[in-house]
Amino acid sequence: MLENLIWGYVYPNESEIQWSILIVLYPYITGLVAGAFIASSLYHVFGKKEIKPVARFALLTALSFLLVAMLPLLVHLGRPERGIEIMFTPHLTSAMSGFGYIFSFYLTIVVLEIWLSFREDIVNKALSSHGWKELLYSSLALFSFDISEKALHDDEKFARKLAIIGIPSAAFLHGYVGFIFGGIKANPWWSTPLMPIIFLMSAIVSGIALLILLYIAAMKIRKHVIDHKCLQSLAHYLWIFLILDVTLELLEIVSMKYASREDIDIINRLLSDKIGFTFYGVQLTLGIFIPFVLLLMVSLIKNRETLKLYMISISSIFVVIGVFAMRWNVVIGGQEISKSLSGTLTYVPVFYSQEGILPALIIFILPFIILLVVTSILPPWKDMEEEPS
Amino acid sequence: MQPHLKRAFTILALIIIAFIFVRSLVVPESFGQYGWYRGDSVKELRNLTVNYAGSISCGEENCHENIYTVWVKDRHKTVNCETCHSPAQKHVLNAREPLTPADDSRDYCGKCHFKRISRPETFPQIDPEAHGEDLRCVYCHNPHKPWFD
């Protein structure tokens, strides 16, 4: 059976693909975090008022996904309890050793940012509720109930500063994931300095698309009208970042093909035989080209809000799927070519196993459950349900 | 600074201090003594009991000299005695200590000789389903002198 999965000459230690679907999921989830955070920064830092209805919701989305971002890596480890060692004794010559610190720093920023932007609501709830709710909200308010105008103004100023630090840290968190792949010089499919920025752009794209979908879903569930101005503004940013994303992704492929170094034969085989469908079909056509056209039409069509809503929803679904395919093509594709450059391998996902599809599905569903819990404690609906001015 | 911000930063500082404290407890003292590992592990590894005696000790003292001379000249000379016959240090020190019998199953030979695409073509490999009719390999092949002419 192994013979059918292998073509050409491969090294003995390559016959098993080590980085499975969980390692595909890890950059996908961190990407969604970075994207959602940057979407919220459009309001918090750049003052784009039309994004306001989803700005705080985006922060909660980022937190929910951030809390599970390390899970795929921990489940992938044979000895998850040793994962913390990377923080206790980080080996500074390895890019991987920065993960714990970068992750913790970013988590602190996101938590602080959420706390500051929800503090007024938290204090109001603490003062108006009783029993365990009073205790919960008072603890969240750190037993400091000052919501005078001056205090709130200071909070806002500080939150803005945090968001300014937050953008480079979100970019760093995700760019760093790309750097880990881009820094593997033995693998021609990964080794490119463009990798961090490609990862970052696709992260922003997937984060905004997810935010759009969650916003539409939340409004449908809560039976409230959608703020089309906000939605179309998000769609507009999605379209802009999509252009940057596709430019970089194509630039990488085109320069690889044009330079035609000694690895081009195996890259061509990878693109035609191994990941042809997921790369050209899902990542480029479904994930970029179709949403690009649909979103372009959204900005051209006047009125017809329902049609635009459908077009934006479909684009977002396609983008979210397309970015997953991109992560798959990078992580799995890179391992399907042998380091001999004259052979290919095949990754066959299994369902029930520690590295299987089932744990990946569970990990992917978790952030939505966390989001449900977090939004019930800190409801962001007030912003969304205000009448658009 | 507003009091609530002071509290938030105090909590953050406490978390960082707790991390540094836990780290100081968890990371062994000898970590980094020689390199990026626990220095004491060198001492511990040195004090581990020796289990393997090495193939030469089997041929010494006229114990297994005959089979040793056959083996040492043949194709399996790179596969040490203890690879199949189990670790022998106790047996070398005290001949009454028996060895675990060698594993002569098809699967054991197959660890090296079942066909794998990653093995060099010239390396002797068999398709276990097509070769040997499920007989144990040693039925036809002498593991000490495996080569057929």
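A:Q354 sits in the loop that joins β2 (343-344) to α14 in chain A. Helices (H or I, at least four residues) and strands (E, at least two) are DSSP runs, numbered from the N terminus. This is a predicted model, in which local features need pLDDT of at least 70, side-chain atom pairs count only at pLDDT 80 or more, and totals for chains, interfaces and linings use all residues. Residues are numbered from 1 along each chain as its sequence is written, while chains are lettered from A and ligands numbered from 1 in the order in which they are written.

A:Q354 has 14 C-beta neighbours inside 10 Å, so it counts as partly exposed. The scale is this: a residue is buried if 20 or more other C-beta atoms lie within 10 Å of its own, exposed if 12 or fewer, and partly exposed in between, with C-beta atoms placed from the backbone. Leaving out residues up to four places away in sequence, A:Q354 touches A:V75 and A:P359. Contact here means that the C-beta atoms of two residues, placed from the backbone, lie within 7 Å. A:V75 is 279 residues from A:Q354 along the chain, and their C-alpha atoms are separated by 6.9 Å.

**Helix pairs in chain A**

A:P359 also takes part in a helix contact: A:I21, A:L22 and A:L25 of α2(A) meet A:I357, A:P359, A:A360, A:I363 and A:F364 of α14(A). This contact has 8 nonpolar residues, no polar and no charged. In these classes, Ala, Val, Leu, Ile, Met, Phe, Trp, Tyr, Cys and Pro are nonpolar, Asp, Glu, Lys and Arg are charged, and the others, Gly among them, are polar.

Axes are lines fitted to C-alpha atoms, for helices over the stretch in contact, and angles run from 0 to 180 degrees between N-to-C directions.

| Helix pair | Axis distance | Angle | Handedness |
|---|---|---|---|
| α2(A) (21-44) and α14(A) (357-377) | 9 Å | about 20° | right-handed |
| α6(A) (99-128) and α8(A) (149-182) | within 9 Å | roughly 150° | left-handed |
| α8(A) (149-182) and α9(A) (195-221) | within 7 Å | roughly 135° | right-handed |

A crossing is left-handed if the near helix is turned anticlockwise from the far one by less than a right angle, and right-handed if clockwise. For direction, angles under 35 degrees count as roughly parallel, over 145 as roughly antiparallel, 65 to 115 as roughly perpendicular and the rest as oblique.

The helices α2(A) and α14(A) are therefore roughly parallel. The axes of α6(A) and α8(A) cross at roughly 150°, which makes α6(A) roughly antiparallel to α8(A). By class, their contact has 17 nonpolar, 3 polar and 4 charged residues.

Helix α8(A) also packs on α9(A), with axes crossing at roughly 135°. That makes the two oblique. From α8(A), the contact takes A:A171, A:H174, A:G175, A:V177, A:G178, A:F179, A:F181 and A:G182. From α9(A) come A:M195, A:P196, A:I197, A:I198, A:F199, A:L200 and A:A203. These residues divide into 11 nonpolar, 4 polar and no charged.

**The nonpolar core**

A nonpolar core is a set of buried Ala, Val, Leu, Ile, Met, Phe, Trp, Tyr and Cys residues joined through C-beta atoms within 7 Å. The largest one has 105 residues, and A:I208, A:L211, A:L234 and A:L238 touch the most other members. Helix α2(A) gives the most to this core, with 17 residues. Beyond four places in sequence, A:I208 touches A:G35, A:A39, A:L234, A:Y237, A:L238 and A:F241.

**Positive phi**

A:F143 is not a glycine, yet its phi is positive, at about 55°. It lies in the loop between α7 (131-140) and α8 of chain A. A:F143 counts as exposed, with 11 C-beta neighbours inside 10 Å.

In chain B, B:D134 has a positive phi near 65° and is also a residue other than glycine. B:D134 is found in the segment after α7 of chain B. With 8 C-beta neighbours inside 10 Å, B:D134 counts as exposed.

B:D103 lies in the loop between α6 (89-93) and α7 (106-113) of chain B. B:D103 is partly exposed, with 13 other C-beta atoms within 10 Å. Not counting residues up to four places away in sequence, B:D103 touches B:C84 and B:Y108. Its C-alpha atom is separated by 7.5 Å from that of B:H85, 18 residues apart along the chain.

The contact between the chains takes 19 residues from chain A and 14 residues from chain B. The chain B side has 9 nonpolar, 3 polar and 2 charged residues.
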